[in-house]
Amino acid sequence: MSSSPSTKRWLPLEANPDVMNQFIWGLGVPEDEAEFNDVYGLDEELLEMVPKPILAVLFLFPYSSEIEAERQADRELWSKGETKEINGKVYFLKQTVDNACGTIGVLHSIGNATSDIKLVEGSYLDRFYKATAKMDPFERAAFLENDREMEDAHSVAATGGDTEAKPEVNEHYICFTCVDGELYELDGEKYQPISHGPSSPGTLLQDAAKVIKAMIEKNPDSINFNVMVLSKKEQ
């Protein structure tokens, strides 16, 4: 979902590893390099069952008045220039297309793991990350918004799930990743990455789970939550 002023709207991506995997494999992630997997619960024993090593965590959650208040606070800080210095190695892009949050979550997941994933040379993702490497988050957003190849690929993925894709949704994807020993929340609806403190590739899922649990507790009446991980396949 998005509250952006853009007139462009895509169909939402289903929170389904099969859909996500066909999506990324078709765009340039080799099938034997990485895949998305479900996380069936946030208890430690269930987290231990998730295929490792983990490169990123995707979290789908419902919008709420509290979430919108956080968005507004973020917008106000940005408008005042009250932003924190963020590690330039973090790959981040803004969301300007309605319902593109799933694709942006995927781009954040892979974009911060390009040293661990050998993309097919000349593939869509290989070209996308090379073309946007020097851009700021807003330039990347504009590049994506005008990219017909990604729009078409997203449309195929959005209609390939088990449920009928509807243009009106009330859920949103964000990504968690570890860069230089720090846990980052990457939300295209916000103006910059959010740091959640120290982390490591080996504790990424557990560290992200703590943040996710706190977010779920803010909306205890909802069951519309989903967690997936991008796992590197062992060679």
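1. Let's start with a single side chain: Lys130 comes out as exposed, with 57% relative accessibility. Here buried means under 20% relative accessible area, exposed means over 50%, and partly exposed lies in between (1.4 Å probe, protein chains only). Before going on, keep in mind that this is a predicted model, where local features need pLDDT of at least 70 and side-chain atom pairs count only at pLDDT 80 or more, while totals for chains, interfaces and linings use all residues. Residues are numbered from 1 along each chain as its sequence is written, and side-chain values use heavy atoms, with hydrogens and water left out.

2. What does Lys130 pair with in a salt bridge? Its partner is Asp126, at 3.2 Å from N to O. The term salt bridge stands for a side-chain nitrogen of Lys or Arg within 4 Å of a carboxyl oxygen of Asp or Glu. Both residues belong to helix α5, four residues apart, which is about one turn of the helix. (Helices, H or I with at least four residues, and strands, E with at least two, are DSSP runs numbered from the N terminus.) Lys130 is exposed, but Asp126 is buried, at 12% relative accessibility.

3. How many salt bridges does the structure hold? There are nine. Another of them joins Asp152 to Arg148, with the closest N and O atoms 2.9 Å apart. Asp152 is partly exposed at 39%, and Arg148 is exposed at 56%.

4. Arg9 and Asp98 pair up with their closest N and O atoms 3.3 Å apart. This links distant parts of the chain, as Arg9 is in the segment before α1 (17-27) and Asp98 is in the loop between α3 and α4, 89 residues away. Arg9 is partly exposed, with a relative accessible area of 40%, whereas Asp98 is buried at 9%.

5. On to the rings. A pair of aromatic rings is described by the distance of the centres and the angle of the planes. Rings of Phe, Tyr and Trp (its six-membered ring) pair if their centres lie within 6.5 Å; planes under 30 degrees apart are stacked, over 60 edge-to-face, and the rest tilted. That gives seven aromatic pairs. In one of them, Tyr91 and Tyr129 have ring centres 5.2 Å apart and planes at 85 degrees, so this pair is edge-to-face. Tyr91 is in the loop between α3 (65-79) and α4 (101-111) and Tyr129 is in helix α5 (residues 124-132), so the pair ties together parts 38 residues apart in sequence. Both tyrosines are buried.

6. Next comes Phe138 with Tyr191: the ring centres are 6.0 Å apart and the planes are at 40 degrees, so this one is tilted. Phe138 belongs to helix α6 (residues 137-145) and Tyr191 to the loop between β4 (182-186) and β5 (194-198), so parts 53 residues apart in sequence are tied together. Phe138 is partly exposed, at 36% relative accessibility. Tyr191 has another contact: the charged end of Lys94 sits over its ring, 4.2 Å from the centre. For a charge to sit over a ring, NZ of Lys or CZ of Arg must be within 6 Å of the ring centre and within 35 degrees of the ring normal.

7. Which residues form one aromatic cluster? Tyr91, Tyr124, Phe128, Tyr129 and Phe143 do.

8. Where do the "active site" residues sit? UniProt, in an unreviewed entry, lists Cys101 and His172 under that name. They span 72 residues in sequence, yet no two of their C-alpha atoms are more than 6.3 Å apart, so they gather at one spot. UniProt positions are in the numbering used here, feature names are shortened, and annotations may be inferred rather than shown by experiment. Cys101 is in helix α4 and His172 in strand β3 (residues 171-179). Cys101 is buried at 4%, and His172 is buried at 0%.

9. A disulfide is taken as a pair of cysteine sulfur atoms within 2.5 Å, and the count is zero. Cys178, buried at 16%, has Cys175 as its closest cysteine too, with the sulfurs 11 Å apart, too far for a bond.
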